[in-house]
Amino acid sequence: MEITTKLNVSDECYFMKDNKVEKSIIQKIITESYLQGNGIETTCKTFISYYITNPKAENFPYKYYEDEVFATKEDLLKSL
């Protein structure tokens, strides 16, 4: 299995927090994969989580899923 993320650790990113666009840096990326099915038809589901530096408390990062984090502000706004 090969997992590809749309962003990398230390990349700047944009996301929504309290209904405002925020910009920060990706601190950590975690992937979770598991099998889903009934034993006859089984698929593998993978979720990618980005941990983003919290400018107000550096030791407590925000966690967002891949569809909530964007490389540009324009990409984020298009998704709304």
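**Notes on the predicted model**

1. Residues 24 or more positions apart account for 42% of the contacts in the protein that have a separation of 6 or more, where contact means heavy atoms within 4.5 Å. This is a predicted model, in which local features need pLDDT of at least 70 and side-chain atom pairs count only at pLDDT 80 or more, while totals for chains, interfaces and linings use all residues. Residues are numbered from 1 along each chain as its sequence is written, and side-chain values use heavy atoms, with hydrogens and water left out.

2. The protein has one helix and four strands, the helices (H or I, at least four residues) and strands (E, at least two) being DSSP runs numbered from the N terminus. Along the sequence these elements follow the pattern β-β-β-β-α. The radius of gyration is 15 Å, well over the 12 Å that the globule rule gives for 80 residues, so the protein is more spread out than a compact globule; the radius is taken over C-alpha atoms, and the rule is 2.2 Å times the number of residues to the power 0.38. The C-alpha trace spans about 45 × 30 × 25 Å along its principal axes.

3. Of the 80 residues in the protein, 24% are buried, with buried meaning under 20% relative accessible area, exposed over 50%, and partly exposed in between (1.4 Å probe, protein chains only). The protein exposes about 5900 Å², and carbon and sulfur atoms supply 49% of this area, as computed by the Shrake-Rupley method with a 1.4 Å probe.

4. Strand 1 (residues 12-17) and strand 2 (residues 20-37) pair in the antiparallel sense over six bridges, pairing being assigned if DSSP finds at least two bridges between two strands. Within this pairing, F15 stands opposite E22 of strand 2, and C13 has S24 as its bridge partner in strand 2. The hairpin that strand 1 and strand 2 form has two residues between the strands, and D18 takes a positive phi near 55 degrees there.

5. Strand 2 also runs antiparallel to strand 3, to which eleven bridges join it, and K28 stands opposite Y51 in strand 3. Strand 2 and strand 3 form a hairpin with four residues between them, and G39 in the turn has a positive phi of about 95 degrees.

6. Leaving aside its neighbours within four places in sequence, I30 is in contact with F47, I48, S49 and Y51. I30 and I40 are ten residues apart in sequence, and their C-alpha atoms are 29 Å apart in space.

7. S49, found in strand 3 (residues 42-52), counts as buried at 0% relative accessibility. Its contacts, leaving aside neighbours within four places in sequence, are with K28, I29, I30, E32, K63, Y64 and Y65.
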